[in-house]
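Subject: Structure handover

Hello,

Here is the structure we talked about. Please open it alongside this note; what I found follows below.

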Amino acid sequence: MRKRGRPPADDLLTPAEWRVVEGIRHGLSNPRIARLLGVGTDAIKYHVAHILAKLALRDRRQLRHWSGVRRASALHHRSLVMSEPETLGAIGQIARTVDDVAAAEIWYRDVLGLPHLYTFGKLCFFDCGGTRLLLSEGEGGAAQASILYFRVADIHAAHARLTQRGVVFLGAPHLIHRHADGIEEWMAFFNDPEQRPLALMAQVRP
């Protein structure tokens, strides 16, 4: 007879738990993660408690710096290579906050003539000759500092190398988005000496 209930996950964490982990590693609060996943905050608290117990981690801060990778990810079978220096590549993305993303999309597309890539809710992306421009609607608007995203070939190796040099990351490298063609967007955030935001970014093909 077939057992009732959900089949066991073929991974350390369940898919739902991985989504919560990525939200935490991105610095999101429980209410924000709950809104993104369409569940209640109590469900997120339940997941966080189970995740911490499974990973034998003490608190949310340790979880944010945990560098685990889900088995289904394109990065899962890649090994960490530290024999060669990991250098920062070209600036792959610049993020700028705006007060009204719909109005900004029209202006950047129709007035400046920038090629529009895609829009996800309050996030709008344009191509600037190979560098991606991200416009995000949020509190603070234009008063917030822009974020520079540096491309790297191996985000975990770059994270480890820069950590050895004294860079303090806000969290571990984490999956931001998986495109329809399977390409994964990975990022890790840190600040410069004047506390302005910077990030590593890597696109991983399946």
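Predicted model: local features only at pLDDT ≥ 70, side-chain atom pairs only at ≥ 80, totals over all residues.

Two strands count as paired here if DSSP finds at least two bridges between them.

**Two hairpins**

β2 pairs with β3 (residues 123–128) in the antiparallel sense, over 4 bridges. Phe 120 has Leu 123 in β3 as its bridge partner. The two strands form a hairpin with 2 residues between them. Gly 121 sits in that turn, with a positive phi of about 60°.

Next comes β3 with β4 (residues 131–137). This pairing is also antiparallel, over 6 bridges. Phe 125 stands opposite Leu 134 in β4. β3 and β4 form a hairpin too, with 2 residues between them. In this turn, Gly 129 has a positive phi of about 60°.

β7 (residues 184–191) and β8 (residues 197–204) pair in the antiparallel sense over 8 bridges. Phe 189 stands opposite Ala 199 in β8.

**The largest pocket**

The largest pocket holds about 1,600 Å³ of space. It is lined by 44 residues. Closest to its centre are His 26, Leu 28, Arg 32, Leu 123 and Ile 176. Leu 123 is also the bridge partner of Phe 120. Which strand gives the most to the lining? That is β7, with 5 residues. By class, the lining has 21 nonpolar, 11 polar and 12 charged residues.

**One backbone point to check**

Most residues other than glycine have a negative phi. Ala 56 is not a glycine, yet its phi is positive, at about 55°. Where does Ala 56 lie? Its place is in the loop between α3 (41–55) and α4 (60–64). Is Ala 56 buried or exposed? Its relative accessible area is 67%, and the cut-off for exposed is over 50%, so Ala 56 counts as exposed.

Best wishes

How values were computed: Residues numbered from 1 in each chain as written. Heavy atoms only, no water. 1 Å grid on protein atoms, 1.4 Å probe; cavity = no way out; pocket = protein on both sides within 12 Å on 5 of 7 lines; lining within 4 Å. Points joined across faces, edges and corners; volume = space filled by probe spheres on them. Nonpolar A, V, L, I, M, F, W, Y, C, P; charged D, E, K, R; others polar. Buried < 20%, exposed > 50% of the residue type's maximum accessible area, 1.4 Å probe, protein only.
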